[in-house]
Amino acid sequence: AGPPVLFISGATGDAGHWTEVADDLAGEFTVLTYDRRANSRSPRPEGWTAAPIDEQADDAAALLRALDLAPAVAYGNSQGAIILTDLALRHPTVLRGAIFHEPPYAAVTTAPEEVGATLQRVVGEGMATGGPPKATELFLRMVAGDETYESLDPELRNRLLGNGEVLFGMELEAVMAYRPTPEQLAEVKVPCVVASGVDNRDPAATHHWFYEASQWLANGLGAPLVETPG
């Protein structure tokens, strides 16, 4: 019960990332989570061979409208933050607020080639040793850490590993290619906040580039950058 809040998952696209968060918020908010197109329990459309960001944003907008939950506050994590960017640009009427958590705009960081090379190495190793499921495991361990990966609910983890073909075969290229212009970002009127883990502020941190990308988006939107723990 209460005002609607939409969570948009990043890589692996599963609603189960938000189960505990949704339980905590459900007493005050109407919480909406969903498996993104062709991920986990959402079917893969016939003839579907690519996952453009605008289609992902259209899905989120259509879901809010179909459930009569617009306008909502939306929280997008990683790839979900990029989808949320497009949602704010093209479907602003379904939103009353947007929270972007560490959007992976690698191209705007100080070391985009290094980011790309690391990703290519990890995914390549996984593909060579165990195909998309192993590549997904190594990717999750890289971005979230071994402890977090090992703590995942086994049923959720199995679903995530099953989404590797969609992630690496259809989604990743679109994610890495998407970048709004400063002029477009300046036109966003929806109240926005950008969030990044405080540990990533350190230039020596493994994932400092997430913090840099968050700063870039916050500056473009004219929005505050909020540091979260971890």
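Buried means under 20% relative accessible area, exposed over 50%, and partly exposed in between (1.4 Å probe, protein chains only). We're working with a predicted model, where local features need pLDDT of at least 70, side-chain atom pairs count only at pLDDT 80 or more, and totals for chains, interfaces and linings use all residues. Residues are numbered from 1 along each chain as its sequence is written, and side-chain values use heavy atoms, with hydrogens and water left out.

**Exercise 1. A loop aspartate**

Task: Find what surrounds Asp35 and which backbone nitrogen its side chain approaches.

Solution: 
- Locate Asp35 in the loop between strand E2 (30–32) and helix H2 (53–66).
- Check the accessibility: at 8%, Asp35 is buried.
- List the contacts (heavy atoms within 4.5 Å). Leaving out residues up to four places away in sequence, Asp35 touches Gly13, Asp14, Ala15, Ser40, Arg41 and Ser42.
- Look at Ala15 again: its backbone nitrogen is 2.7 Å from a polar atom of the Asp35 side chain.

**Exercise 2. H4 against H7**

Task: Describe how helix H4 (residues 112–144) and helix H7 (residues 164–177) cross, and sort the residues of their contact.

Solution: 
- Two packed helices are described by the angle between their axes and the distance between the axes. Axes are lines fitted to C-alpha atoms, for helices over the stretch in contact, and angles run from 0 to 180 degrees between N-to-C directions.
- For H4 and H7, the axes come within 12 Å and the crossing angle is roughly 140°.
- Angles under 35 degrees count as roughly parallel, over 145 as roughly antiparallel, 65 to 115 as roughly perpendicular and the rest as oblique. H4 and H7 are therefore oblique to each other.
- On the H4 side, the contact includes Leu119, Val123 and Phe139, and on the H7 side it includes Leu167, Phe168 and Leu172.
- Ala, Val, Leu, Ile, Met, Phe, Trp, Tyr, Cys and Pro count as nonpolar, Asp, Glu, Lys and Arg as charged, and the others, Gly among them, as polar. The tally for this contact is nine nonpolar, two polar and one charged.

**Exercise 3. Helix H6**

Task: Which residues of helix H6 (residues 154–161) are buried, and what covers them?

Solution: 
- The buried ones are Leu156, Arg157, Arg159, Leu160 and Leu161.
- Their cover includes H4, helix H5 (146–151) and H7.
- Finish at the start of H6, where a side-chain oxygen of Asp153 comes within 3.1 Å of the backbone nitrogen of Glu155.

Methods
Helix = DSSP H or I, 4+ residues; strand = E, 2+ residues; numbered from the N terminus. Polar contact = N/O pair within 3.5 Å; in protein donor to acceptor, adjacent residues only side chain to side chain.
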